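Here are my notes for your first read-through. Keep the structure open beside them and check each point as you go.

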Amino acid sequence: MLIINIVGILLIALIIWWFWLYRPKEAVFEQDKMTILVENGIYQPSRIKIHVNQATRLQFIRKDASPCAETLVFPELEISETLPLNRPKSIALPALPAGVYHFHCQMQMYCGELHVE
Ligand SMILES: [Cu+2]
């Protein structure tokens with residue numbers, strides 16, 4: 001009985017960690033071009049730090065064949081692109097003021113953030 005309670009508590013702790021505490025690692029944009037993989041339900045990396053007032057270029061490679069992952073939307077920037085399967089697609093971003101900008105797939109299963117600072 002005690003064992004079952006402990007397992008239950010561990011399971012709850014794991015669920016809390018996964019849904020509320022887990023934050024993906026932030027990638028710092030250093031090179032001219034950064035590659036983002038679209039695979040297994042996540043953008044890798046999904047949090048990207050870029051410099052303020054500096055135009056950049058992100059390269060997306062979609063490995064997920066599901067049609068929903070095909071669309072890439074930056075709602076705040078009014079950018080909507082179609083990602084080919086297994087081929088890199090380069091997306092030019094304008095120079096941006098500081099802030100957080102989101103990007104996601106069509107149904108927002110994939111989502112990521114640009115941190116401009
Ligand atoms: Cu989707």
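1. Is Cys105 buried or exposed? Cys105 is buried, because its relative accessibility is 0%, and the cut-off for buried is under 20%. Keep in mind that this is a predicted model.

2. Now look at the copper ion. Its protein donors are the SG atoms of Cys68 and Cys105. Cys68 sits in the loop between strand E5 (56–62) and strand E6 (71–74). Cys105 sits in the loop between strand E9 (99–104) and strand E10 (111–116). The two cysteines are 37 residues apart in sequence, so the pair ties together separate parts of the chain. Cys68 also counts as buried, because its relative accessibility is 10%.

3. How many disulfides does the structure hold? The count is zero. A disulfide is a covalent bond between the sulfur atoms of two cysteines. Take Cys111 as a test case. The closest cysteine sulfur to its own belongs to Cys105, at 7.6 Å. That is too far for a bond, because a disulfide needs the two sulfur atoms within 2.5 Å.

4. Next, the hairpin of E6 and E7. These strands run antiparallel, and four bridges join them. Four residues lie between the strands. Glu78, in this hairpin, takes a positive phi near 55 degrees.

5. Move on to Arg87. Its place is the loop between strand E7 (79–82) and strand E8 (88–93). Is Arg87 buried or exposed? Arg87 is exposed, because its relative accessible area is 53% and the cut-off for exposed is over 50%. Arg87 still has partners from elsewhere in the sequence. Leaving aside neighbours within four places, Arg87 is in contact with Phe60 and Ile61. Gln59 is 28 residues from Arg87 in sequence. In space, the two are 9.8 Å apart, C-alpha to C-alpha.

6. Last, confidence. The protein averages a pLDDT of 86, and 82% of the residues score at least 70. Where is confidence lowest, and where is it highest? The lowest is in strand E1 (residues 26–28), with a mean of 60. The highest is in E6, at 97. E6 is also one of the hairpin strands in point 4.

Notes
Residues numbered from 1 in each chain as written. Predicted model: local features only at pLDDT ≥ 70, side-chain atom pairs only at ≥ 80, totals over all residues. Heavy atoms only, no water. Buried < 20%, exposed > 50% of the residue type's maximum accessible area, 1.4 Å probe, protein only. Contact = heavy atoms within 4.5 Å. Donors = N, O, S within 2.8 Å, 3.2 Å for Na, K, Ca; no water. Pairing = 2+ DSSP bridges. pLDDT = per-residue confidence, 0-100.
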